[in-house]
Amino acid sequence: MVGKFKVNTSKRNELIDITNDINAIVKESDVKEGFCLVYCPHTTAGITINEGADPDVKSDILMQLSKVVPEDKGFKHSEGNSDAHIKSSIIGASEIVVVNDGKLVLGTWQKIFFAEFDGPRNRKVVVKVIGD
Ligand code: ZN
């Protein structure tokens, strides 16, 4: 079974906590021991795991990424969103999380985030839970 859900982003750069959506798909899958692949099928967005307790961590990540990859640096890509493509490749399109006792194994402060770099857009997340 492949799980899918939609994420509607509201800003150009945004980290959205999708941990609850992933947990619901893991529960539905009935897999008790295995892995969960969280995949982003977009070229200007990504998936990352980081701290979800202090919202300043999200904004610091986005601020620093924008310093490393500024929006307009004379990129050639005619769509004008090369910064978003580059950030997407830095962050990556997927994460794999261990499933133990039917639950995602995440650290106390860890959350799974959908990373938007060219919003607002209607996005999709693909999830595959594999039992061992
Ligand atoms: Zn583009």
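A: Helices here are DSSP runs of H or I with at least four residues, and strands are runs of E with at least two, both numbered from the N terminus. On that basis the protein chain of this predicted model holds 3 helices and 8 strands, and from the N terminus on they follow the order β-β-α-β-β-α-α-β-β-β-β.

Turning to the cysteines, a disulfide would need a pair of cysteine sulfur atoms within 2.5 Å, and by this rule the count comes to 0 disulfides. Cys36 is in no disulfide, since its nearest cysteine sulfur, that of Cys40, is 14 Å away. Cys40 is likewise in no disulfide, with the sulfur of Cys36 as the nearest one, 14 Å away. Cys36 counts as buried because its relative accessible area is 0%, and Cys40 counts as buried because its value is 1%, where the limit for being buried is under 20%.

Among contacts between residues at least 6 apart in sequence, 82% join residues at least 24 apart. The radius of gyration of the protein chain is 15 Å, which agrees with the value near 14 Å that a compact globule of 132 residues would have, while the C-alpha atoms fill a box of roughly 50 × 30 × 25 Å along the principal axes.

Terms used:
Residues are numbered from 1 along each chain as its sequence is written. This is a predicted model: local features need pLDDT of at least 70, side-chain atom pairs count only at pLDDT 80 or more; totals for chains, interfaces and linings use all residues. Side-chain values use heavy atoms; hydrogens and water are left out. The radius of gyration is taken over C-alpha atoms; the globule rule is 2.2 Å times the number of residues to the power 0.38. Contact means heavy atoms within 4.5 Å. Buried means under 20% relative accessible area, exposed over 50%, partly exposed in between (1.4 Å probe, protein chains only).
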